[in-house]
Amino acid sequence: MQSASHARVPGRTRWKRLILVMVPTLAVSAAVFSATVSGALAASFGVSANSFIVSGRSFQISADTLDGHGFVQYGVLDRGKAASYPEALSGIRSADLYNLCQSVVQDFPVVGAVTLRLTSGTNGPPAHADRLVVDAHDLRGDAVFQNINIGQDASTLQGVSGVQGSPGAFGEQADSVKIDRLRQGTRSVSAATFRLPGLHLTVQTGDHSCY
């Protein structure tokens, strides 16, 4: 006869068996969920049209006005050495940027914050870019789009030559875009040509961000 302390309790035994079954099941479910999320992200976000490996550091771009012709946008993953960064890619076939400013702030030992700041098109002709591709995670301003399609398959976008997303991914395109008081946080920018009249590049201690 078993003692009370070693007696089998039917209910408790069933719970132990259930837990033993649930633990590996939950582990498998978590793995499947993780793979599904990763796959969904990869399917929805294509590789950026910017082919270089990004540093991962965010920088600022501002302009009084961006006036562009031929516009496409869809989600991408910027590739870094140790991580990938989901961004909204904006491609513009031809863009004029009035009072352009670009800045990045980095902290250094002893010195502290140091700002690299570039300005162009402040007085006179604007900065100009052909096949401008910007991967941004924050965008603000007052925008006007002409003949815009929202929800178009990103692989069918035609506004900027060679700039398309993955099949089935969400995209949009427009004949033109105008953004006043542009404020943008981004990790990568590329262009076929970038003309910067009145270029002024400064390196200063402290935070001298564009906005």
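Me: How many of the 21 residues of β2 are buried?

Reply: This is a predicted model, in which local features need pLDDT of at least 70 and side-chain atom pairs count only at pLDDT 80 or more, while totals for chains, interfaces and linings use all residues. Residues are numbered from 1 along each chain as its sequence is written, and side-chain values use heavy atoms, with hydrogens and water left out. Strands (DSSP runs of E, at least two residues) and helices (runs of H or I, at least four) are numbered from the N terminus, and buried means under 20% relative accessible area, exposed over 50% and partly exposed in between, with a 1.4 Å probe and protein chains only. β2 is largely enclosed by the rest of the structure, because the number of its residues that are buried is 17.

Me: How many bridges join β2 to β3?

Reply: Two strands are taken as paired if DSSP finds at least two bridges between them. β2 and β3 run antiparallel, with a hairpin of four residues joining them, and within this pairing Gly68 has Ala95 of β3 as its bridge partner. The number of bridges between β2 and β3 is 14.

Me: Which residue of β4 stands opposite Ile61?

Reply: β2 also runs antiparallel to β8, to which 14 bridges join it, and there Gln60 stands opposite Gly185. With strand β4 (residues 100-108), β2 pairs in the antiparallel sense over three bridges. In β4, the residue that stands opposite Ile61 is Gln102.

Me: Leaving aside its neighbours within four places in sequence, with which residues is Leu66 in contact?

Reply: Contact here means heavy atoms within 4.5 Å, and Leu66 is one of the residues with the most contacts inside the largest core. Once neighbours within four places in sequence are set aside, the residues in contact with Leu66 are Ile92, Asp96, Leu97, Val177, Lys178, Ile179 and Leu182.

Me: Is Asp78 buried or exposed, and what is its relative accessible area?

Reply: Asp78 is found in strand β2, and beyond its neighbours within four places in sequence its contacts include Ser48, Glu87, Asp135 and Arg187. Its C-alpha atom is separated by 8.7 Å from that of Ser51, which is 27 residues away along the chain. Asp78 is buried, with a relative accessible area of 1%.

Me: With which residue does Arg187 form a salt bridge?

Reply: A salt bridge is a side-chain nitrogen of Lys or Arg within 4 Å of a carboxyl oxygen of Asp or Glu, and by this rule the count comes to three. For Arg187 the closest N and O atoms of the pair are 2.7 Å apart, and the pair links distant parts of the chain, strand β8 and strand β3, 100 residues apart. The partner is buried, with a relative accessible area of 3%, and the residue that forms this salt bridge with Arg187 is Glu87.

Me: What N to O distance is given for the salt bridge of Asp142 and Arg181?

Reply: Another salt bridge, with 3.4 Å between the closest N and O atoms, joins Asp138 to Arg140, and both of these residues are partly exposed, at 33% for Asp138 and 45% for Arg140. The side chains of Asp142 and Arg181 also meet in a salt bridge, which links strand β6 to strand β8 across 39 residues. Asp142 is partly exposed at 39% relative accessibility, and the N to O distance of its bridge with Arg181 is 2.4 Å.

Me: What percentage of the 211 residues in the protein is buried?

Reply: The secondary structure of the protein comes to one helix and 10 strands. Among contacts between residues at least 6 apart in sequence, 78% join residues at least 24 apart. Of the 211 residues, the buried share is 35%.

Conventions:
A nonpolar core is a set of buried Ala, Val, Leu, Ile, Met, Phe, Trp, Tyr and Cys residues joined through side-chain atoms within 4.5 Å.
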